[in-house]
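Dear colleague,

Please find below the structure that I am handing over to you.

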Amino acid sequence: MSEARAAQDAATPLIRLRGITRVYGEGQAQVRALDGVDLDVEAGEFVAIMGPSGSGKSTVMNVIGCLDTPSAGQYLFRGVAVEKLSRDQRALLRRLYLGFVFQGFNLLARTSAQENVELPLLYRGESVQARHAAASATLESVGLGGREHHTPAELSGGQQQRVAIARAIVTNPQVLLADEPTGNLDTHRSREIMELIQGLNRERGLTVLMVTHEAEMAAYAKRIVRFVDGRIASDVRNDAPAGASAGEAA
Ligand SMILES: Nc1ncnc2c1ncn2[C@@H]1O[C@H](COP(=O)(O)OP(=O)(O)O)[C@@H](O)[C@H]1O
Ligand SMILES: [Mg+2]
């Protein structure tokens, strides 16, 4: 590799969107969910995505998460053009690099916390022992040690979201994509979840993109991007994030 090429690669952000557009439907019913989005996210960032309902927040998360394909534009993940990947390659990218957390937790019912968290490792073909050890350690790390054998119905909303976060990070992804992770939680539980997510960003260097419509939750992030009508309306750094170590020198 030439030095020029190496320098260029070093400068490529983890995530780069250029002119990303996503159109749903046809004719009169056409909706431009995303309308020319340019966004760079560096490894290690914690970005909150805000904006009114219908502004394209979930659509951009789905594009970044390779769950949806844009109608136009370019998406580079670690410098790789995602639109040029095959379906299987995109699935692999998801499995290797991305973790997802949703508002509704999306846990398997009648299945223990431990088994829910082991599932992504099962898809990876890891041994029973490796799955068990990794899931236990990850549940412990999100504060659920001792709750491994509880089913979702036996856990509170906040605990269910912790299981979902454990499931998202048990594979050691580079990026956590969280779409309204506190949308179903009360303020107290929401703050606990935000501190957990913030800790994963700070301590593990996990890159986090999180959608929220609550300013109080967005305040935990280091950067706040606001969407309006499928476009980025503002993009600002937050030099004094909320949270456990608030007040510490940046
Ligand atoms: N699968 C879909 N089919 C048609 N329209 C959609 C679909 N998904 C989203 N939209 C539309 O795209 C726009 C953006 O949606 P979304 O990204 O879900 O917004 P947000 O998450 O900010 O509330 C909305 O007008 C929504 O109705
Ligand atoms: Mg949404």
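Two strands pair if DSSP finds at least two bridges between them. Helices (H or I, at least four residues) and strands (E, at least two) are DSSP runs, numbered from the N terminus. With these terms, R223 stands opposite R237 in β10.

This is a predicted model, in which local features need pLDDT of at least 70 and side-chain atom pairs count only at pLDDT 80 or more, while totals for chains, interfaces and linings use all residues. Residues are numbered from 1 along each chain as its sequence is written, and chains are lettered from A and ligands numbered from 1 in the order in which they are written.

The hairpin and its turn

Strands β9 and β10 run antiparallel and are joined by six bridges. Their hairpin has two residues between the strands, and D229 takes a positive phi near 50 degrees there. Most residues other than glycine have a negative phi, and most peptide bonds are trans. D229 lies in the loop between β9 (223-228) and β10 (231-237). Is D229 buried, exposed or partly exposed? A residue is buried if 20 or more other C-beta atoms lie within 10 Å of its own, exposed if 12 or fewer, and partly exposed in between, with C-beta atoms placed from the backbone. D229 counts as partly exposed because it has 14 C-beta neighbours inside 10 Å.

E180 also has a phi near 50 degrees, a positive value in a residue other than glycine. E180 sits in the loop between β7 and α7 (187-204), and it is buried because 21 other C-beta atoms lie within 10 Å.

Strands β6 and β7

Strand β7 (residues 175-179) pairs with β6 in the parallel sense over five bridges. V101 has A178 in β7 as its bridge partner. Four of the five residues of β6 are buried, which leaves the strand mostly covered.

R110 counts as exposed because it has 8 C-beta neighbours inside 10 Å. R110 and A153 are 43 residues apart in sequence, yet their C-alpha atoms are 7.7 Å apart in space.

The open sheet

Four strands form an open sheet in the order β2-β1-β4-β5, with antiparallel pairing. Its edge strands are β2 and β5 (80-81), each of which pairs on one side only. Strand β4 (residues 72-77) and β5 are joined by two bridges, and F77 stands opposite V80 in β5.

Two packed helices

Helix α4 packs against α5 (residues 128-141) at an angle of about 125 degrees, with their axes 9 Å apart. Axes are lines fitted to C-alpha atoms, for helices over the stretch in contact, and angles run from 0 to 180 degrees between N-to-C directions. Angles under 35 degrees count as roughly parallel, over 145 as roughly antiparallel, 65 to 115 as roughly perpendicular and the rest as oblique. The two helices α4 and α5 are therefore oblique to each other.

The surroundings of ligand 1

Which residues surround ligand 1? Among them are Y24, V31, S53, K57 and T59, where a residue is near a molecule if its C-beta atom, placed from the backbone, lies within 6 Å of it. Helix α2 gives the most to this shell, with three residues.
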